[in-house]
Every structure is written in structure tokens, then in C-alpha cells.
Amino acid sequence: MGSTSTKIKLRTSDQKVFEVEKAVAVQSQTIKYIYENGCPDSVIHVHSVSGDILSKILDYCKKHVNSAAGKEDISPEELYEWDANFVKVDQNTLFDLILAANCLKIESLLDLTCQTVANMIKGKRPEEIRTTFNIKNDYTIEAEEAVRRENKWAFDMLGGVGTMVIEELADDTMSKCVTNTKSRVCVIAANQIVMMRSISKLANKKSIDVYKQPQNPTTPRIKESVKQRNVGTGFIELFFHFKCKM
Amino acid sequence: MEVEGEEQTSIWNKETVPKVMKIVSTRLAQRDLISLLLLSPWIHRTLISYPSLWLSIDLREMNNAGDRLIAALSLPRYQHVKQISLEFSQDIDDDHLEVIKSKCLGSLQDLESLNLNGCQKISDKGIEAVTSCCPKLKVFSIYWNVRATDEGVKHLVKNCKYIVDLNFSGCKHLSDKSLQLVADNYPELESLNLTRCVKMRDSGLQQVFVKCSFLQSLNIYALSSFTDEAYKKISVLSHLKFLDLCGAQNLSDDGLSCIAKCKKLVSLNLTWCVRVTDVGVIAIAESCTSLEFLSLFGIVGVTDKCLEALSKSCANTMTTLDVNGCIGIKRRSRDDLLKLFPYLRCFKVHS
């Protein structure tokens with residue numbers, strides 16, 4: 001009849017049955033498809049998801065549906081915090097949530113959980129990643145060495161490029177970002193004039209090559225190259241390349 | 001209990017972790033993605049079996065880029081690579097590209113996008129070598145390459161028939177010959193960046209306008225030698241959305257009024273177009289009703305009148321407006337501008 005309190009029944013892999021409001025259940029594109037193309041009265045089997053995990057997922061979906069519909073008075077910041085707490089679970093649960101969100105096609109939950117794991121991986125060496133996720137190193141010594149060798153090209157031994165977006169560039173911020181990096185730094189800033197002053201100071205203090213391709217030839221006497229690019233927001237990104245001679 | 005624990009560990013390592021890593025991998029930068037390969041043979045096998053993860057090689061700003069590229073391209077998983085970026089990398093020259101041509105020919109057959117921005121050691125020879133390997137190339141960018149000449153462009157158009165996006169910004173030796181080659185060979189061209197190609201003149205540019213009628217993005221930043229002869233012909237580009245005319249000191253109101261015929265314009269940069277007055281800008285306002293980004297920086301000949309005209313047609317779409325230095329406009333404080341353009345977010349483009 002199109003009533004707003006239509007319920008959908010979901011049965012999990014461990015035979016638990018959940019009765020859920022339609023609006024919440026169809027957050028899952030998979031369930032939505034089955035519901036719209038199958039018989040709406042029978043139970044939908046979610047084979048690959050356990051009761052515990054589905055319960056958590058339904059909490060998430062309910063929270064987000066209610067907040068979007070204005071049924072719950074919660075600000076975007078509060079929702080963001082709620083999400084952050086939602087993913088503070090043990091690893092097994094987190095991984096199960098990812099697999100379930102993937103299978104049920106719940107995009108926002110998949111993004112949230114995957115980003116959490118991605119953040120735990122970013123910048124870490126393989127040994128560290130293994131420790132974080134309790135991964136057994138099943139490689140033989142020879143096999144591991146072979147894989148390392150063939151992928152050596154992808155790793156920059158000098159350390160990566162640090163990128164910072166600084167809108168009002170202060171001189172001491174500038175020196176901080178240069179001294180904190182082992183090799184090179186890209187600084188994106190909107191205030192070209194302040195940047196020029198900072199660079200001159202630093203170039204004298206530390207042996208730094210600063211390259212700039214001037215748009216309007218301006219003061220600094222050091223060789224400088226800047227790639228100037230207009231970006232959608234209207235800010236001009238100035239890329240500075242510093243080669244720190246250590 | 002012992003056996004059950006081992007089984008759990010086995011499932012964790014051989015199934016759960018590889019599956020999850022595959023799902024997460026699309027959100028990882030190249031370096032982190034490849035770190036995953038080193039974790040365990042199960043993860044390695046799972047990730048390698050998904051070709052969609054290995055369509056891009058990112059060597060931006062890395063040293064020894066030539067050697068790194070050759071190493072990457074010799075790996076089977078990159079046989080169908082679609083996108084390679086060597087932007088601002090170092091130590092890549094013509095010799096590396098010759099090696100790639102002779103050894104890794106097969107791997108570049110599917111390449112669609114090649115970024116050689118800032119690779120200043122590459123010359124026409126290198127351009128010939130690399131373009132001869134990638135017949136399907138669509139996007140080619142060699143920003144700030146001062147060795148590239150019209151010869152290099154000749155090789156490009158001979159080898160790559162499907163280019164839609166070209167960036168020659170800063171390639172100061174390219175002349176009208178290159179423009180003729182582009183016009184004759186790329187009728188489907190959508191995006192062209194000629195920033196600082198100072199040898200180019202009106203006649204070359206006109207060729208492009210006439211033959212590349214699908215252009216959506218045109219950047220002729222800092223090219224003061226063009227005149228209304230060329231600017232007027234921009235009017236035929238009915239699909240044009242993005243136009244950068246910064247520094248077009250010869251652009252008159254006449255020229256700008258012709259440009260106004262490009263009704264789909266979304267972004268227009270008129271910084272330092274010092275001959276322009278209200279007449280030209282009002283023509284734009286009346287015709288280009290979807291304008292979101294406009295810079296009038298440094299134009300002293302415009303007044304509040306043109307802002308009123310712009311507000312009438314583009315108040316709902318304008319999000320970036322730079323009128324710094326426009327001393328003819330009396331009411332141009334942040335508040336004044338927000339009254340006319342309520343969705344403005346950015347007030348400064350040029351610094």
C-alpha cells in the first residue's frame with residue numbers, strides 16, 4: 001500500500017531473522033534490488049552475513065536514514081563522530097563489516113570502513129602492516145626477496161614528498177615544513193608574496209635549490225621554478241620543489 | 001582447540017585478509033598498494049589476479065625515473081597499463097624511452113594517458129620513441145619541455161591518432177607548424193593548453209579553431225602576440241566551457257563580444273586583458289549565463305555596470321570572481337560582491 005512503515009524480513013547466515021523498516025533495509029543496494037525484483041513478502045536471505053554483523057550494519061543504516069530524514073536531531077559533526085566511534089571495533093569485526101558492506105552494496109558504510117583500514121596502512125612498511133593486522137608472513141626467504149626486488153622501483157628510499165596546503169603562509173611554518181622532510185617538499189600556498197620572502201631566507205640558511213618559473217618576473221634573485229595551476233576553487237596552487245642537499 | 005585456532009588463522013591469512021585488502025586497495029596510493037604485495041603470497045596472488053588494480057604507474061617526482069619506469073613495465077601485471085605519470089620526475093631521458101621502445105613495446109599498447117610534465121631531458125627523439133609505442137594515446141602532456149620542437153609534434157600526430165587532450169604549456173619552441181599539425185590531425189580535440197608557446201601567431205590558432213570544433217577547454221595564458229584576428233574566431237567553438245586568456249593585452253571589446261557567442265562558457269579568465277571595458281564584459285554577461293568562474297583582475301576599464309549585468313544573468317552560478325585591481329568598480333568589497341552574487345566562495349584568483 002506504500003505505507004512508510006513497510007517492514008522487510010532478513011535472515012542471516014546463522015539463521016537469525018531481523019524485521020527492518022524498508023527505508024533502512026534498502027540502504028543496501030543488494031537488498032533493494034532483491035526486494036524490488038522478487039516477492040516483497042518473503043524473507044530475504046543474506047547468506048554471507050552473520051547476525052552480529054547485520055545487527056551492527058542495521059544500526060548504521062538506521063542512524064543515517066534517521067539523520068537524513070530529520071527524524072533525529074543530529075548535526076553533521078555529531079554524525080561524523082558517531083561514525084568514528086562506530087568503527088572502533090576489533091579487527092575481525094572491522095573486516096567482517098567491510099566484507100558485508102561490500103556484499104550488501106552499502107556505499108557509505110563501505111567507504112567508512114575501508115578508509116579506516118586504509119588509514120592504518122598508509123605509509124607503513126610491510127613489517128608494520130603485518131603486525132597491525134596479524135598477518136603471517138608465509139613467504140619463503142627467497143620468494144620474499146624476489147618480490148621485493150621486482151617492486152623496488154616503487155619505493156623512494158629518500159622518503160616521500162610531503163604536501164601541505166597552507167593558505168596564509170608564515171615564515172616559520174615554511175621553515176618547519178622544509179626541515180621536517182628528509183628530501184623534498186611540495187608546498188601549496190595561496191600567498192605568493194609571503195612565500196617568496198620565506199624562500200629567500202631559507203635558501204640562504206640551508207643549501208636548498210629552489211626552482212621557480214615566474215609568471216610575472218618578480219624580485220627573488222635565486223633561481224626558482226613554480227608550476228602555477230588554476231584549480232576549481234579559484235586558488236592558485238604553487239608547487240615549489242625543494243631539493244634538500246643533506 | 002589447537003587445530004581450531006590454526007584453522008582460524010589459516011582462514012584469516014588465506015581468505016579474509018586477501019579479500020579485504022582487495023576491496024581496500026582501490027583507496028590506496030601506489031606505494032601502499034604495492035606494499036600489500038609484500039605482505040604474504042596469498043595477498044599477492046589475490047591482488048595480482050585483478051587487472052583493474054594495475055592500470056596506472058605513478059612516478060611523479062621520483063628520481064631515477066627512467067630506470068624505475070623500465071622496471072615497472074617489465075612486470076607482467078602492467079601489460080595493459082592505461083596511465084603513466086612522470087610529472088616532475090628526474091633522470092629520465094631519450095635513451096630510456098628508446099629502451100622502452102625496443103624492450104617494452106607490448107606494455108604500452110593500451111596506454112591512454114602520458115604525463116611528461118617537467119621532464120626536461122626529453123627531446124623530439126624521446127617523443128618519437130615513446131609515442132611509437134602507444135597508438136591508443138588520448139591524453140598527452142609535456143608541460144615545460146623546452147627541447148620539444150615541431151618535429152616532435154610531427155611524430156606525435158603520425159603515431160597517435162586519437163588524442164583528445166594536449167598540454168604544450170611552456171613548450172616555447174613550438175610554432176604555428178605544430179598548430180597546423182594538430183588542426184589537421186585531431187578534429188575531435190577537446191582540450192588544448194598553449195600557455196607561453198610564444199612563437200605561435202594568429203594564423204596558427206585560427207587553423208585550430210576552424211578544424212577542432214569540439215574544443216571544450218582552451219588555455220592561451222600569457223600569449224600577448226595574438227590579436228582580435230584570432231580571438232574573434234573563438235566564437236565558432238560552440239562547446240567551449242573553459243577559456244584562459246590571461247595576459248591577452250590585444251583583446252578588445254569587439255573580440256570579447258565575439259567570444260560571448262560561446263554560450264556554454266563556465267570559466268573565463270580575463271586577467272590583465274587591459275583593453276577590455278564594460279562593453280565586452282556585458283556582452284559576455286548577456287550570453288554566457290552559466291558562468292561560474294570569472295577573473296577581471298587588473299582591468300581598469302570596467303565599472304559597476306558590468307557587475308550588475310553579470311549579476312542579472314549569473315547570480316546563481318557564479319562562485320569565483322576576482323575583481324582585484326579593478327579600480328573602475330567602486331563597490332567591490334566582499335559584502336558588495338556577495339549582495340550581487342550570493343554563492344561566491346572565492347574572491348581571488350590572481351596574486
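In chain A, strands β1(A) and β2(A) form a hairpin with 4 residues between them. A:Gln15, which sits in the turn, has a positive phi of about 65°. The model is a predicted one, in which local features need pLDDT of at least 70, side-chain atom pairs count only at pLDDT 80 or more, and totals for chains, interfaces and linings use all residues. Residues are numbered from 1 along each chain as its sequence is written, chains are lettered from A and ligands numbered from 1 in the order in which they are written, and side-chain values use heavy atoms, with hydrogens and water left out.

Strands here are DSSP runs of E with at least two residues, and helices are DSSP runs of H or I with at least four residues, both numbered from the N terminus. Two strands pair if DSSP finds at least two bridges between them. Strand β1(A), residues 7-12, pairs with β2(A) in the antiparallel sense over 5 bridges. Across this pairing, A:Leu10 stands opposite A:Phe18 in β2(A).

Side chains alternate along β2(A), residues 17-21. A:Phe18 and A:Val20 point to one face and are buried, where buried means under 20% relative accessible area, exposed over 50%, and partly exposed in between (1.4 Å probe, protein chains only).

UniProt positions are given in the numbering used here, feature names are shortened, and annotations may be inferred rather than shown by experiment. Over residues 108-154 of chain A, the chain is 68% helix and 0% strand, and the end C-alpha atoms are 31 Å apart.

Chain B contains 14 helices and 11 strands. Its C-alpha trace spans about 80 × 55 × 30 Å along the principal axes. Of the 351 residues of chain B, 58% count as buried. Among contacts (heavy atoms within 4.5 Å) in chain B with a separation of 6 or more, 75% come from residues 24 or more positions apart. For residues 134-330 of chain B, UniProt lists "domain: F-box/LRR-repeat protein 15-like leucin rich repeat", again from an unreviewed entry. That span of chain B is 31% helix and 12% strand, and its end C-alpha atoms lie 55 Å apart.

In helix α13(B), residues 304-314, the buried residues include B:Leu307, B:Leu310 and B:Cys314. An α-helix has 3.6 residues a turn, so residues three or four places apart point the same way. The buried residues of α13(B) pack against α12 (278-287), β10 (293-295), β11 (320-322) and α14 (334-340) of chain B.

Backbone angles also deserve a look. Most residues other than glycine have a negative phi. B:Phe88 is not a glycine, yet has a positive phi of about 55°. B:Phe88 lies in the loop between β2 (83-85) and α5 (94-103) of chain B, and at 11% relative accessibility counts as buried. B:Trp144, also not a glycine, has a positive phi of about 60°. The loop that holds B:Trp144 runs between β4 (139-141) and α7 (150-159) of chain B. B:Trp144 is buried, with a relative accessible area of 18%.
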